[in-house]
Amino acid sequence: MKYLRLLSLLLIAVACNKNEVITEQIEDEHYRPRTESSVAEAQKVWEYTPAPGQFINELKTSGFTGEELTAEAAVAYAERRMSEGRFVSLGGFGGYIIVGFDHSVDNAGGYDLAVEGNSFDGSSEPGIVWVMQDENGDGKPNDTWYELRGSESGKPTTIQNYSVTYYRPAEPQSPVKWRDSVGAEGEIDYVGAHHLQDYYYPAWIATDSYTLSGTRLEARNYDKSGNGTMWVQPAYDWGYTDNQSSVDFISRNGAFNKLDIDNAMDAWGNAAELKYIDFVKVQCGVNAKSGHLGELSTEVFSVVDYKMVF
């Protein structure tokens, strides 16, 4: 199980003096210091709202049971999958998962967080990471989200406050239509050769449409073959998950991307200057599809306190 693997890594970190408690005293009544019983991995899933996608509702590869008919059941599904060391798919653009730690994660210089995906050379499906501090001390992720700056932040090809509205298909085994905030329309294709569930629209979304918003990166995927048989999904330079970056990707007991809380920024791009965080949101950051491979969809296996593991 993933917890046992992380526990063994944690014991190694202790032996190497990498798990020492941060010496700087953080004076904040809502700060939750790390203790001997703290675990590296975020174990609590607060929300799981994917966009439609080929892995959503799927009974085999994705491990759905068919009983995920409420938001609470979807959260329980995501928690179970991550506890087993298995992926949770975020579907197409905007799909997200929110997780929390049993302690506050310090912004202690260098990398502070690591998110595990399943990227490999030629197949990156970038997820954007957001962080939150429990400012009101109620233990819930209901304060301010700060996006972690990445290599594409501020570029003219990156769209902030971008949104996509997805529409429930009228018939089973049909594509999911969408319309975005810049006037474009498209579909999440039904790729029945690989994923045969009737609907890619999340079963627990009661409404016939729903809208997901966030930051959209420019798509980089392309058909190398020219005939639709070899799609390539290049990596982005740094700052994203499920992304085979040459800067922050690390392959050690999983495919992780390292992240720095110092890169947290507010809605205007100003440094948030957070001393610690309590919650993390990972959100699919690209609206694109690659032919027979279907939509680009960020996958998440785990979110960990970097300094407790590496």
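Predicted model: local features only at pLDDT ≥ 70, side-chain atom pairs only at ≥ 80, totals over all residues.
**Strand β14, side by side**

How many residues of β14 (residues 255-259) are buried? I noted 5 of the 5, so β14 is largely enclosed by the rest of the structure.

**Who sits beside β14**

Next I looked up the partners of β14. Strand β4 (residues 113-117) runs antiparallel to β14, and 5 bridges join them. For a landmark on screen I picked L113, which stands opposite L259 of β14.

Strand β13 (residues 249-251) also pairs with β14 in the antiparallel sense, here over 3 bridges. My landmark for this pair is S251, with A255 of β14 opposite.

I then followed the chain through the hairpin of β13 and β14, where 3 residues lie between the strands. Which residue takes a positive phi there? I found N253, with a phi near 55°.

**The sheet around β14**

I zoomed out and read the strand order as β13-β14-β4-β18, an open sheet of 4 strands with antiparallel pairing. Its edge strands are β13 and β18 (302-305), each of which pairs on one side only. On average, neighbouring strands in this sheet are turned by 30° against each other, direction ignored.

I still had the β4 and β18 pair to check. These two strands run antiparallel and are joined by 4 bridges. V115 has V303 in β18 as its bridge partner.

**Another open sheet**

I moved on to the sheet with the order β9-β8-β7-β10, where 4 strands form an open sheet with antiparallel pairing. Which strands are at its edges? They are β9 (185-188) and β10 (209-216), and each pairs on one side only. The twist from one strand to the next averages 30°.

Within this sheet I looked at β7 (residues 159-167) and β8 (residues 176-180), an antiparallel pair with 4 bridges. T165 has R179 in β8 as its bridge partner.

**Confidence check**

The protein has a mean pLDDT of 93, and 92% of its residues reach 70 or more. Residues 1-23 are another matter, with pLDDT below 50. Beyond near neighbours in sequence, this stretch has 37 contacts in the model.

Notes
Residues numbered from 1 in each chain as written. Heavy atoms only, no water. pLDDT = per-residue confidence, 0-100. Contact = heavy atoms within 4.5 Å. Pairing = 2+ DSSP bridges. Axes fitted to C-alpha atoms, helices over the stretch in contact; angles between N-to-C directions. Buried < 20%, exposed > 50% of the residue type's maximum accessible area, 1.4 Å probe, protein only.
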